[in-house]
Amino acid sequence: MSLAHSKLELKLRGIPVSEGVSIGHVVVLNRHRIIPAKTNFQTLNQAAEEARFQAALDDTRQQILEVQKRLHDEIGAKQSLIFDAHLLVLEDPVVLEEVKRKIRKEKASSEYALYTASEKYAEALSAVEDSYLSERAADIRDVIQRVLENLTGQSKQVGLSDLTEPCIVVANDLAPSDTAMLDPEKVLGFITAAGSKTSHTAILARSLKIPAVLGLGKNIDELKSGQSILLDGFNGFVVISPSDQMLFEYGQLVKRQNSIETSLDKIRTEEAKTLDGHSIVLSANIERATDVQAVLKSGASGVGLFRTEFLFINRKDLPDEEEQFQAYKKVSESLTPEPVIIRTLDLGGDKLLSHVNVAAEMNPFLGWRAIRLCLQEKELFRTQLRAILRASAFGDLKIMYPMVSGIDELDEANKLLEECQKELKDKGQKFSEAIEIGVMIETPSAAMISDKLAKRVQFFSIGTNDLIQYSLAVDRLNEKISHLYEPTHPGILRLIKTTVDAGKTNGIWTGVCGEMASDLSMVPLLIGLGVGELSVTPSMVPRVKMLIRSINMSKAKELANLAIDIDSPKEIHRRAEELSMEAVPNFFKAKRI
Ligand code: PEP
Ligand code: MG
């Protein structure tokens, strides 16, 4: 990543992952832990030291109670329960006794006594291969850091739940579960050292419409709490102490963007049809049931991907059948008569739960994820299938299985689905018998056997985010190799074409729900390859629609035919982008500074 200086400003460059410009002050999240040095004071006043320790415990308890109350009021009772476990740590007799013993017998400082006593306990818990226990270890460390902050008076280590004022968050990394909790009112933007464009953190930022620049690497250290910065999510710049001239230029950029947004309102209800009359189904990707409002506003025709795992994240329990049924029903009813494709649980990879027992894995993206996990955790899967089936009585719901890599997985999933259908029938519960089933094509093997898969399902949706990472062997989260993550690699185009052709031969449609569909430069190439549906983040629906309405399918096909024979991914990208730029030049120009 490059670093450019001018007299006053400091400009850092990262990966632009979520469009928008934000200006605000920085809040740096927990960058380092306090690790107290070993100290033994022969002259230690034990009574005073114990009192100091007790006072720090009391302060910490008070602070946790305040955070808990705020969370309870803002998000709800269930989420705030997480802090009950934190409060219990402060009363743990084993740790407290050990601290007192160390103060009295070893004449250790409170800081050192607390740190060593609690670490011993936390280490033992995290060594056990059990995600529930390792989560307890994380709770202990979190609380102990708070006590240490109070003991040492060191600047407060800030967590997301501590944000009170609107700010730009800076962190080494943000988990998708943290990002899902961000409040756009308080978080004007965020910046991380790690991450890339197709990480779920980036996808969520776009869905929440929070401008974000990721992958800053070591340059992140230039950012300090309290600094005034400008974040450019269009081009991937972070500017420390922006000059008046720079603020003016960005003001102009925002105006250009706003005027495009306004002009797009008039095509909201129009069809996504090319100039030469080819209709494309343009739908939206959602992560939460509440996202339907954004879908309705965007003018999308339904939901092409509902990432249901976000219903399961950031909570201590699992959503039961009834809760899931209500969520799917709500989405479906709000969008009727448009279709909604519900993707079954895609846990694993970068989306983990504390209460589904997923032990740490060497290669989580190649591990116990999505359909693999569901076919072993059968009750979890069946509960979801029953909930989707019941909701199918209220709208046009379709089921889609993620990360299928072979026929057996699909057959096994369908067998469980049939069993759930029978169960519901026996109980006299309503569901749509004609519910359509699809698979995501996101492993190379699925694309290669798409001719066989096509005989068993009613549609394909290509998950380019994973298809690219698995085919090119490029981790989608790793900023160090993000330059190798090339959607226009000829190998990827061949896999897409193989899938589309297999679908056509067997009379089923193929969509793309990966981020490639939301990339304006890629849209003509995808439809030229024969993709019939694009499912994109709601905020991109109007632009993608306008682009489709501004191109000729004949030109898109010409591009695709040419691209399939070109060796260089960069050359294919250049040509594809050229065609899009010709069609909607102002979309590209308006981003430039
Ligand atoms: C994909 O892999 O392209 C996809 C849409 O699924 P996810 O991003 O949730 O893995
Ligand atoms: Mg995927």
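How are helix 4 and helix 5 oriented to each other? In this predicted model, helix 4, which covers residues 93-105, and helix 5, which covers residues 110-127, pack at an angle of about 140°, and their axes lie 9 Å apart. Angles over 145 degrees would count as roughly antiparallel and those from 65 to 115 as roughly perpendicular, so helix 4 and helix 5 are oblique to each other. Helix 4 passes helix 5 in a right-handed crossing. On the side of helix 4 the contact is made by Val95, Glu98, Val99, Lys102 and Ile103, while helix 5 contributes Ser110, Ala113, Leu114, Thr116, Ala117, Ser118, Lys120 and Tyr121. Sorted by class, the residues of this contact of helix 4 with helix 5 are seven nonpolar, three polar and three charged.

Another pair is formed by helix 17 (residues 464-472) and helix 18 (residues 490-505), which pack at an angle of about 125° with their axes 10 Å apart. Helix 17 and helix 18 are therefore oblique to each other, and helix 17 passes helix 18 in a right-handed crossing. Here Thr464, Leu467, Ile468, Ser471 and Leu472 of helix 17 meet Ile492, Leu495 and Ile496 of helix 18. This contact of helix 17 with helix 18 has six nonpolar residues, two polar ones and no charged residues.

By class, the contact of helix 11 with helix 13 has five nonpolar, four polar and five charged residues.

Ser332 deserves a separate look. Setting aside residues up to four places away in sequence, Ser332 touches Val340, Ala391, Phe394, Gly395, Asp396 and Leu397.

In soluble globular proteins, nonpolar side chains tend to be buried together. In this model the largest nonpolar core has 105 residues, of which Tyr328, Tyr401, Leu525 and Leu534 touch the most other members. A second, separate core of 29 residues includes Ala122, Ile140, Val147 and Leu148. Not counting residues up to four places away in sequence, Leu534 touches Ile280, Val281, Leu282, Ser283, Val512, Ala517, Val523, Leu526, Ile527, Val544 and Ile548.

One of these partners of Leu534, Ile527, is found in helix 19 (residues 523-528). Ile527 has a relative accessible area of 1% and is therefore buried. Leaving aside neighbours within four places in sequence, Ile527 is in contact with Thr274, Ile280, Leu534, Ile551, Met553 and Ala556. Ile527 and Ile144 are 383 residues apart in sequence, and their C-alpha atoms are 55 Å apart in space.

Is Met362 buried or exposed? This residue has its place in the loop between strand 12 (340-343) and helix 12 (370-376), and at 80% relative accessibility Met362 counts as exposed. Between Met362 and Lys105 the separation is 257 residues in sequence and 42 Å in space, C-alpha to C-alpha.

Definitions and conventions
Residues are numbered from 1 along each chain as its sequence is written. Chains are lettered from A and ligands numbered from 1 in the order in which they are written. This is a predicted model: local features need pLDDT of at least 70, side-chain atom pairs count only at pLDDT 80 or more; totals for chains, interfaces and linings use all residues. Side-chain values use heavy atoms; hydrogens and water are left out. A nonpolar core is a set of buried Ala, Val, Leu, Ile, Met, Phe, Trp, Tyr and Cys residues joined through side-chain atoms within 4.5 Å. Buried means under 20% relative accessible area, exposed over 50%, partly exposed in between (1.4 Å probe, protein chains only). Contact means heavy atoms within 4.5 Å. Ala, Val, Leu, Ile, Met, Phe, Trp, Tyr, Cys and Pro count as nonpolar, Asp, Glu, Lys and Arg as charged, and the others, Gly among them, as polar. Axes are lines fitted to C-alpha atoms, for helices over the stretch in contact, and angles run from 0 to 180 degrees between N-to-C directions. Helices (H or I, at least four residues) and strands (E, at least two) are DSSP runs, numbered from the N terminus. Angles under 35 degrees count as roughly parallel, over 145 as roughly antiparallel, 65 to 115 as roughly perpendicular and the rest as oblique. A crossing is left-handed if the near helix is turned anticlockwise from the far one by less than a right angle, and right-handed if clockwise.
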